[in-house]
Amino acid sequence: MSNLIIENVSHSYGPKKVLNEVNLRVGAGQVVALVGPSGCGKSTLLRAVLGTHPPTEGQVLVGGNQVERPTRDVGIVYQHYSLYEFLTARQNVAFGLLLDQTSTPYRVFQYFSWRKLRKQHLEQADEFLKKVGLHAARDLYPSEMSGGMRQRVAIAQALIMEPRILLLDEPFGALDEATREELQLMLLKLYAENVRAREEDRVPPYTVIIVTHELNEALFVSDRVVGLSQYHNDGANGATIVYDRAAPIFAPDQPKDVTRFVEQKEELISCVFSPSFQKDHRKFITFWAQHEKQPVETKV
Ligand SMILES: Nc1ncnc2c1ncn2[C@@H]1O[C@H](COP(=O)(O)OP(=O)(O)O)[C@@H](O)[C@H]1O
Ligand SMILES: [Mg+2]
């Protein structure tokens with residue numbers, strides 16, 4: 001079973017068709033970079049997966065269930081994600097759990113067991129803050145943190161809910177280059193946890209779709225790159241997936257070898273971003289064919 005299945009999804013805003021017959025399958029533990037021209041419908045597709053804006057046609061399945069509204073199966077972090085200013089980093093991260101697992105009567109009438117549960121949640125929050133490299137900052141308020149730190153807290157806040165899939169919509173878009181790199185390395189560490197889980201025969205814990213307009217970043221943080229574009233033979237009807245290939249993997253401690261993905265970057269630019277590229281787009285959708293014999297899917 002795949003974590004996410006997008007089946008024949010089309011989306012229109014009034015008479016304007018934005019997405020046209022999008023199909024995509026994502027297995028547990030995959031980190032997918034989603035790229036495409038500005039305005040092609042990437043956020044629209046994510047909103048369909050999130051469940052806030054179901055598609056006008058087709059369906060989205062997460063963990064085998066059709067998505068009709070937001071649930072804790074899907075988490076999302078946006079570019080300008082705002083934390084609760086009156087809560088510390090660890091309280092922000094624990095917030096979803098507190099809200100999800102306790103009701104006001106429970107807090108009032110079972111005060112002592114609630115206090116114990118709250119302590120557990122805060123300890124869990126500390127663990128997730130460690131994962132994003134912010135353990136030392138756990139008692140800071142958002143106003144005391146840099147933009148990069150805030151985004152990491154937001155990611156920890158989403159991860160603690162253990163979503164089947166985490167959506168990141170240009171999460172680093174507003175950050176400077178050095179901070180972006182820090183965050184990219186953080187994502188690679190999560191990826192390394194997936195690899196370890198697979199080696200130990202466990203289901204890899206993090207399945208991520210990250211939208212980014214920066215192609216180096218897309219190729220650096222993901223193990224699979226998907227291109228959404230209106231530039232294809234049937235482009236008048238909106239964007240569809242025109243590219244789906246594996247990306248080279250770098251371990252967090254490996255130096256970034258930019259030359260290794262220059263070729264793929266050029267391929268992406270012509271297939272996904274070039275209006276004059278009108279060849280059969282299916283030619284560049286090869287991910288699952290390449291991975292049929294690999295364990296990505298069987299471990300789910
Ligand atoms: N709520 C909306 N109503 C009408 N048009 C919209 C709405 N949201 C997005 N659009 C249009 O749909 C297209 C795709 O938008 P979007 O999904 O945000 O693209 P991307 O995230 O790839 O930049 C754009 O042309 C945008 O103007
Ligand atoms: Mg967008």
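**Reading rings and burial**

Mentor: Let's start with Phe86, which is exposed, with a relative accessible area of 61%. Exposed means over 50% relative accessible area, buried under 20% and partly exposed in between, with a 1.4 Å probe and protein chains only. Tyr84 is partly exposed, at 35% relative accessible area.

Trainee: Before we go on, what kind of model is this, and how are things numbered?

Mentor: This is a predicted model, where local features need pLDDT of at least 70 and side-chain atom pairs count only at pLDDT 80 or more, while totals for chains, interfaces and linings use all residues. Residues are numbered from 1 along each chain as its sequence is written, chains are lettered from A and ligands numbered from 1 in the order in which they are written, and side-chain values use heavy atoms, with hydrogens and water left out.

Trainee: How many aromatic pairs does a search of the whole structure find?

Mentor: A pair of aromatic rings is described by the distance of the centres and the angle of the planes. Rings of Phe, Tyr and Trp (its six-membered ring) pair if their centres lie within 6.5 Å; planes under 30 degrees apart count as stacked, over 60 as edge-to-face and the rest as tilted. Searching the whole structure gives four aromatic pairs. Tyr84 and Phe86 have ring centres 5.9 Å apart and planes at 55°, so this pair is tilted. Ring pairs also link Tyr84, Phe86 and Phe95 into a cluster.

Trainee: What about Tyr243 and Phe284: how are their planes arranged?

Mentor: That pair is stacked, with 6.3 Å from centre to centre and 15° between the planes. Tyr243 sits in strand S10 (residues 240–246) and Phe284 in the loop between helix H8 (262–273) and helix H9 (287–291), so the pair ties together parts that are 41 residues apart in sequence. Helices (H or I, at least four residues) and strands (E, at least two) are DSSP runs, numbered from the N terminus.

Trainee: Are Tyr243 and Phe284 buried or exposed?

Mentor: Both Tyr243 and Phe284 are buried.

Trainee: Which residues of H1 are buried?

Mentor: Helix H1 (residues 42–50) is mostly covered, with seven of its nine residues buried. They are Lys42, Thr44, Leu45, Leu46, Ala48, Val49 and Leu50. After H1 comes Gly51, with a positive phi near 100°.

Trainee: And how does the whole protein look?

Mentor: The protein has nine helices and 10 strands, and buried residues make up 50% of its 300 residues. Its C-alpha atoms fill a box of roughly 65 × 45 × 40 Å along the principal axes.
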